[in-house]
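Here are some notes to read alongside the structure. Please keep the sequence open while going through the points.

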Amino acid sequence: LIIGRDPSCFRLETEIAKILGKEAALFVPSGTMANLVSVLVHCDIRGSEVILGDNSHIHIYENGGIATIGGVHPRTVKNNDDDGTMDIHFIEASIRDPKGDLVYPTTRLICLENTHANSGGRCLSVEYTDRVGEVAKKNGSKLHIEVAKKHASVALGVPVDRLVQAADSVCLSKGLGAPVGSVVGSNSFITKARWLRKTLGGGMRQVGILCAAALVALQENVGKLESDHKKARLLADGLNEIKGLRVDTSCVETNIIYVEVEDSLRTTTAKLCKDLEDYGILLTPIGSSRIIDKRIPFECVESKWEGR
């Protein structure tokens, strides 16, 4: 991996770049590293500013790495609760006026997340993504998109290369059975990203076994995503029939389900998660009354609700 001679890694990077319509790709160990590397390539001057959602993965769940390691200042814009987007006019209003560069940080990057996990796996449309790309380009900034899986492409019926056409860099990670991250962009972007990967400790040896798994996932598992989404909707409808549980089914576009636990159920989310774990059903508690499905055997879904 370090010197670029692993055949499985080379094949994976070539395939990923082709799928996403970019010049080159780089294998990295995780989606978090892919995002961090991307932000640091685009914001290569300390004190640069990135505009991103206040409820985005980079801002909430990645240990503040862009600030602690990269010296990049995050400027958040509210993510709309219903679909995970940020209002375009709020994005534009957040871009710093270059005339104030003596006192303001310089806006160099806008980040999007598609699908948007904290909004229930909602998909950002290609039209919306293009508009954000136009705003970035007009203001001399770059656009980075975290494509968590290929779920948005499948759910929207839009080829993934078209979905990320406006992006200057893309993090493609997880959800296909191969939990590793890849980052793609131009040849010059990847040259800088390769150097940062090594700096961050991501230059692993004997990485071919991971890349081979990722190749199998790309070849065999993408076709299963539509069925995955269908089963998630089926499960959401079924959960809504249980007194004390509530799911906003309009938000279930991919394979993430948020469940509200109502007081009438007379239990806590922590206890419910623990009880279901005994049956091999893993859930993640979010706050005091919300849970997200983590790993549910879908044969249980089919046997319980498909015959209704």
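1. What kind of model is this? It is a predicted model, and the values below were computed from it. The protein chain has 308 residues, and its secondary structure comes to 13 helices and 11 strands.

2. How much of the protein chain is buried? Buried residues make up 50% of the chain. The chain exposes about 15300 Å², and carbon and sulfur atoms supply 51% of that area.

3. Contacts can also be sorted by separation along the sequence. Among contacts in the protein chain with a separation of 6 or more, 67% are between residues 24 or more positions apart.

4. Where does R122 lie? R122 is in the loop between β4, residues 107-113, and α6, residues 126-138. Is R122 buried or exposed? Its relative accessible area is 13%, and buried means under 20%, so R122 counts as buried.

5. Which residues does R122 touch? Leaving aside its neighbours within four places in sequence, R122 is in contact with D82, D83, N114, T115, H116, S250, C251 and E253. With E253 there is also a polar contact, made between the two side chains at 3.1 Å. A student may want to find R122 and E253 in the viewer and look at this pair.

6. N139 lies in the loop between α6 and β5, the latter being residues 142-148. The helix α6 therefore has R122 in the loop on one side and N139 in the loop on the other. N139 has a relative accessible area of 34%; exposed means over 50% and buried under 20%, so N139 is classed as partly exposed.

7. How far apart are N139 and T107? In sequence they are separated by 32 residues, while in space their C-alpha atoms are 8.7 Å apart. T107 belongs to β4, which spans 107-113.

8. How many cavities of 30 Å³ or more are there? A search of the whole structure finds two.

Technical notes. Residues are numbered from 1 along each chain as its sequence is written. This is a predicted model: local features need pLDDT of at least 70, side-chain atom pairs count only at pLDDT 80 or more; totals for chains, interfaces and linings use all residues. Side-chain values use heavy atoms; hydrogens and water are left out. Helices (H or I, at least four residues) and strands (E, at least two) are DSSP runs, numbered from the N terminus. Buried means under 20% relative accessible area, exposed over 50%, partly exposed in between (1.4 Å probe, protein chains only). A polar contact is a pair of N or O atoms within 3.5 Å; within protein, one must be able to donate a hydrogen and the other to accept it, and residues adjacent in sequence count only if both atoms are side-chain atoms. Contact means heavy atoms within 4.5 Å. Accessible areas come from the Shrake-Rupley method with a 1.4 Å probe; for residues, only the protein chains shown count as cover. On a 1 Å grid over the protein atoms alone, a cavity is a set of points where a 1.4 Å probe fits but cannot get out, and a pocket is an open set with protein on both sides within 12 Å along at least five of seven lines; lining residues have an atom within 4 Å of a point. Grid points are joined across faces, edges and corners, and a volume is the space filled by probe spheres set on the points.
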